[in-house]
Amino acid sequence: MLRRSVSLPFTFDLKSRMRLAGYILLLAPLIILLRLAYMQTFLHEEFASKAERAIYNYLAEDRLRGKILDVNGRELAESVRTHSCGVNKRYVKDKDKTIDFLAQTLDIPKSRIMEKWNRAGNFFFVAKKIKPDNYIKISKILRTPLGEGLELTPEYERIHPYGYSALDVIGAANSKNLGLSGVEQMFNRELSQDISRKRAKRARRGEIIYDRKLKEELSVANVYLTIDEVAQYYAETALKKAVEDVGAERGAALVQEPSTGKILAAASYPVKDGQSMAFQFAYEPGSTFKTISVASALDAGVISVTDSIDMEGRQWTVARGVTLRDKQHDKDFLSVPEVLQLSSNIGAGKIAVELGAKNLFYYIKSFGFGTKTDVNFNGESKGNVPPYNTWTKVDLASKGYGYGVLLTPIQLIGAYSAVANGGTLMQPHLVDRIEYAGGKVEKLSKPVKIRRVIQPETSQAMIKVLQSVVEVGSGKRAKIKGYNVAGKTGTAEKLGKDGYGKRQHVVSFCGFVPATNPQFTILVVLDNPSKYTFGGTAAAPVFKEIAEHLLALKGVKPDQLDFE
Amino acid sequence: MRVLGVVILLALFSFGIVVMRIEINRSGRAISQAQNEVEIKEARNQYLKLEILRLSSPENISRLAQEKLGLVPVKPHEVVVLDQPK
């Protein structure tokens, strides 16, 4: 008999079912475990950096930023702790009462709060950076039924106690605590703190709980400028008045200490944060540049102070088709001091031609034109000095009286300071010192001599010549009772689409005082006045006003003996 | 008897825990209130400090000196500078 092997049919008994259910139940945790292991091992970096970024973001908003102060420790920019007021709709007990209270306290129309309420999901900010008085009012009711659902989130706000004063130099920092312009940007690393790798947690009510290590390192550095807030105020006030009086588009006033290169005041008007004309405004200077060409020629020995220059009947044909005219005087010959006193373009042009393109170029570069300063102000212009081998005779002559070169106020004031201090170009300083946490102080304004530009004898000769410009020449309005003032006026036509135009010009005055022992070099530039005016009439009085205040402020003794 | 002892002990223990919780809550509230007061004082202090800075700005002092006291800026040659005693 054939025996058939018969396999038993699969019986899905209770035991098997239990086993299967067990496997299925185990599968889910197993998948989770495997996924976790994968994340921990292979995706560790990605998740760690994600978490770090999230922490950093709110830390960046909350953390303190260092102060920016003037040379005497007056706070020009500081971070103050403010709060933002938010509403957690879910926890609000009485909507109408809460909205009434907020509208009244924060002085916001009820309709605006209602609008936010209706638009938001659960949470919305009613007001950011609320005033301390309002913070006090809200925090007092926070634990009462009226305050339920209200939240006060701490954050820091950048405050400028002196308003717009020096804001062009200070610059701005954004709500993420990042310096965007000016000193805020230049010293962002010192003013803020690199905490991206540090850890911190935020507690339920908003406050940050730092790692022990981070809390110890929390202090930030304070940056002290060389600017004296009082000097800055005087410069700003005088500049604003002048800009408005002559209807200028904008203006700049700078004060430098010639012996050290320290900038005591750097005013721009209108004021825009981080936009300082001192560093960013490049212009053709016109006659204030004659000082440079004359000093260069004197230093090179090409001319001497006693030389007379033929005015060619006050019509000098520089090249075919190009004639220079002096309309401001009727002399056939001018001495070197007279060239500056009367601001003769023919005289300065002839001196430049006598000096030669290569030599003039060397001196111009040596005075620091065409090169950025070491201040490193963001957006600083280096100006423009074309290479001398491209100059024609007309170019050379015109550079002698300040056309065909672009320079910045910081470069020009530095050059005048070199003339004033005996012939040495000093490195300009805008920041005096940095005070780190723990008391360490880094001095940044030690006088640094860049190079000798002219000999001390040339400097002395130029000081006398520039003094005569103020005493008997175009700079009479810069005279100060009791003090010898040296300086030079400038009125330059601006290059437009159709060439140089009479309607658009830059007027300026640059000088130093007291001439016998210079303490302040001051430059005033007014761009594009709507009224037709000159450096001697519009800018020289501003120089005088600023200089008078500074001399009185610093108690500088008069250098004239019989001035009564 | 032993059971009763255990029950009393447990009751005392529970009572202790309750008292402790109440005390913790009370202290927590006091700390929180004190913290709030510190924050208010700090905010007020900061506000006043800023007010001082604003009021002591050269612009404000010049304006007040001219408007209230009729003072005018001194000319530099009118300033008498005394030599420092040697």
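Predicted model: local features only at pLDDT ≥ 70, side-chain atom pairs only at ≥ 80, totals over all residues.
1. **The build of chain B.** Along the principal axes, the C-alpha atoms of chain B fill a box of roughly 105 × 40 × 15 Å. Of its 86 residues, 14% count as buried.

2. **Where the chains meet.** Next, please look at the contact between the two chains. On the chain B side 25 residues take part, and they touch 31 residues of chain A. The size of an interface is often given as the accessible area lost when the parts come together. For chain B and chain A that buried area is about 2500 Å², and carbon and sulfur atoms give 59% of it.

3. One salt bridge joins the side chains of A:Glu78 and B:Lys49, with N to O at 3.5 Å. B:Lys49 also belongs to a network of salt bridges that links it with A:Lys67, A:Glu75 and A:Glu78. Two residue pairs are in polar contact across the interface of chain B and chain A, both at pLDDT 80 or more. On the chain B side, the elements that give two or more residues to this surface are α1 (2-55) and α2 (58-67). The largest share, 12 residues, comes from α1(B). Sorted by class, the side of chain B that touches chain A has 11 nonpolar, seven polar and seven charged residues.

4. **Salt bridges within chain A.** Over all chains, the count of salt bridges comes to 25. Side chains of opposite charge can pair when their charged atoms come close. In chain A, A:Arg189 and A:Glu190 meet in this way, at 3.9 Å from N to O. Are these two partners buried or exposed? A:Arg189 is exposed because its relative accessible area is 69%, while A:Glu190 counts as buried because its relative accessibility is 16%. Another salt bridge pairs A:Lys331 with A:Glu338, whose closest N and O atoms are 3.0 Å apart. A:Lys331 counts as partly exposed, at 35% relative accessibility.

5. **A pair along one helix.** A:Lys241 forms a salt bridge with A:Asp245, with the closest N and O atoms 3.7 Å apart. Both residues lie in helix α10 (residues 229-246) of chain A, four residues apart, or about one turn of the helix. An α-helix has 3.6 residues a turn, so residues three or four places apart point the same way. A:Lys241 is partly exposed at 48% relative accessible area, and A:Asp245 counts as partly exposed at 41%.

6. **Helix α14 of chain A.** Why is α14(A) described as largely enclosed by the rest of the structure? Eight of its 11 residues are buried, so the rest of the structure largely encloses it. The buried residues of α14(A) include A:Ile346, A:Ala348, A:Ile351 and A:Leu355; A:Lys350 is buried as well. At the start of the helix, a side-chain oxygen of A:Ser344 reaches to within 3.4 Å of the backbone nitrogen of A:Ile346. Just after the helix, A:Gly356 takes a positive phi of about 95°.

7. **Helix α15 and its cover.** In helix α15 (residues 357-366) of chain A, the buried residues are A:Ala357, A:Leu360, A:Phe361, A:Tyr363, A:Ile364 and A:Ser366. A:Gly368, which follows α15(A), has a positive phi near 100°.

8. **The surroundings of A:Glu442.** My last stop is A:Glu442, in strand β16 (residues 441-443) of chain A. A:Glu442 is partly exposed, with a relative accessible area of 31%. Leaving aside residues up to four places away in sequence, A:Glu442 touches A:Asp432, A:Arg433, A:Ile434 and A:Tyr436. With A:Tyr436 the link is a polar contact between side chains, at 2.9 Å. A:Glu442 and A:Val223 are 219 residues apart in sequence, and their C-alpha atoms are 9.8 Å apart in space.

Conventions:
Residues numbered from 1 in each chain as written. Chains lettered and ligands numbered in written order. Heavy atoms only, no water. Contact = heavy atoms within 4.5 Å. Buried area = accessible area lost by both parts, 1.4 Å probe. Salt bridge = Lys/Arg side-chain N within 4 Å of Asp/Glu carboxyl O. Polar contact = N/O pair within 3.5 Å; in protein donor to acceptor, adjacent residues only side chain to side chain. Nonpolar A, V, L, I, M, F, W, Y, C, P; charged D, E, K, R; others polar. Buried < 20%, exposed > 50% of the residue type's maximum accessible area, 1.4 Å probe, protein only.
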